[in-house]
Amino acid sequence: MKFADLHLHTNFSDGTFTPEELVLYAQKAGLACIALTDHDTVEGCERAAAACAKVQMEFIPGAELTAEIEDTEVHILGYFLDTKNPLLLDKIAKFQSVRQSRIHEMCAALNKMGVPLKPEAVFALANCKSPGRPHVARALVKEKLVANLDEAFERFLKKGRPAWVPKTKMSAVEAVELIHQAGGLAVMAHPGLNRTDEIIPGLVRAGLDGIECFHTKHSTVMAERYLEIAERHHLLVTGGSDCHGFSKNKPLIGTVKLPYEHVEKLKAAKKSADEKRAAI
Ligand code: AMP
Ligand code: ZN
Ligand code: FE
Ligand code: FE
């Protein structure tokens with residue numbers, strides 16, 4: 001049996017592995033195929049593709065776009081993206097700049113509470129264009145302002161906590177269209193983490209291609225529910241670990257195993273979308 005892990009992060013966003021390290025762990029996990037889905041960036045894809053090519057592992061270039069629909073934050077995964085697509089690069093650059101200003105805002109909120117974290121400390125640690133809350137949390141630990149990452153999120157960074165700053169996001173419709181015009185397939189990430197499934201039909205109307213049924217934070221019951229929803233809406237099925245590096249002393253990569261038949265279906269859908277575009 002061949003397996004894939006189609007939801008992975010590197011240090012080009014808030015993961016801790018370099019693309020090369022990620023591929024090494026993918027090999028150790030015995031995966032046949034991986035996709036890189038960093039938050040609002042495709043920068044790591046070139047290096048990940050090169051590292052995969054060296055060990056004959058299949059690679060899908062992707063990204064996880066932060067979007068919103070009906071006032072709910074939703075993450076849209078793009079697969080088979082043209083990582084040089086000008087509109088994609090232009091749009092994500094804007095959202096990266098939003099992420100960077102947000103670091104300043106989060107630090108200002110922390111400073112107001114007497115927590116002396118400097119934005120420079122976060123940027124130095126993040127060392128990427130797509131900084132996020134995990135970098136702020138790691139910087140707080142590094143500066144000994146909290147004991148651990150959980151404390152950082154619980155006290156300051158979780159939604160509704162004092163240093164939580166909402167992001168300006170693209171609409172989910174825009175995210176789906178952006179992915180399509182860059183040659184990609186659009187997939188709703190970890191639906192089980194959203195408060196409601198009511199947003200799914202709207203995403204389907206926007207042209208959603210698939211839904212992430214298998215995810216680290218999905219129970220078996222949830223996975224079954226989303227498989228049923230996928231069937232009802234004729235959506236592709238994906239899955240991945242959402243590995244951000246080491247978690248409780250081991251990397252999550254490969255702990256969610258997507259049977260390879262789903263990758264075959266994704267590739268067939270990509271081929272037929274390309275053919276449709278070529279015919280226009
Ligand atoms: P951001 O995109 O900056 O809002 O950060 C979102 C990322 O923070 C997610 O992808 C997770 O990796 C991480 N995250 C969100 N909530 C928590 C939490 N309660 N504890 C630890 N990590 C979290
Ligand atoms: Zn993340
Ligand atoms: Fe996500
Ligand atoms: Fe993710």
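User: Is His 190 buried or exposed?

Analyst: Buried means under 20% relative accessible area, exposed over 50%, and partly exposed in between (1.4 Å probe, protein chains only). In this predicted model, His 190 is buried at 6% relative accessibility, and Glu 64 is buried at 1%. Local features need pLDDT of at least 70, side-chain atom pairs count only at pLDDT 80 or more, and totals for chains, interfaces and linings use all residues. Side-chain values use heavy atoms, without hydrogens and water, and residues are numbered from 1 along each chain as its sequence is written.

User: Which residues coordinate the iron ion (ligand 3)?

Analyst: Donors are N, O and S atoms within 2.8 Å of the metal (3.2 Å for Na, K and Ca); water is not among the atoms, so sites may look incomplete. Here Glu 64 (OE), His 75 (ND1) and His 190 (NE2) coordinate the iron ion (ligand 3) at 2.1 to 2.2 Å. Their spacing along the chain is E-x10-H-x114-H. Glu 64 belongs to strand E3 (residues 58–69) and His 190 to the loop between strand E6 (185–188) and helix H8 (200–205), so the pair ties together parts 126 residues apart in sequence. Helices (H or I, at least four residues) and strands (E, at least two) are DSSP runs, numbered from the N terminus.

User: How are the residues of the lining of the largest pocket divided by class?

Analyst: Ala, Val, Leu, Ile, Met, Phe, Trp, Tyr, Cys and Pro count as nonpolar, Asp, Glu, Lys and Arg as charged, and the others, Gly among them, as polar. In this lining, 11 residues are nonpolar, 14 polar and 19 charged.

Terms used:
Chains lettered and ligands numbered in written order.
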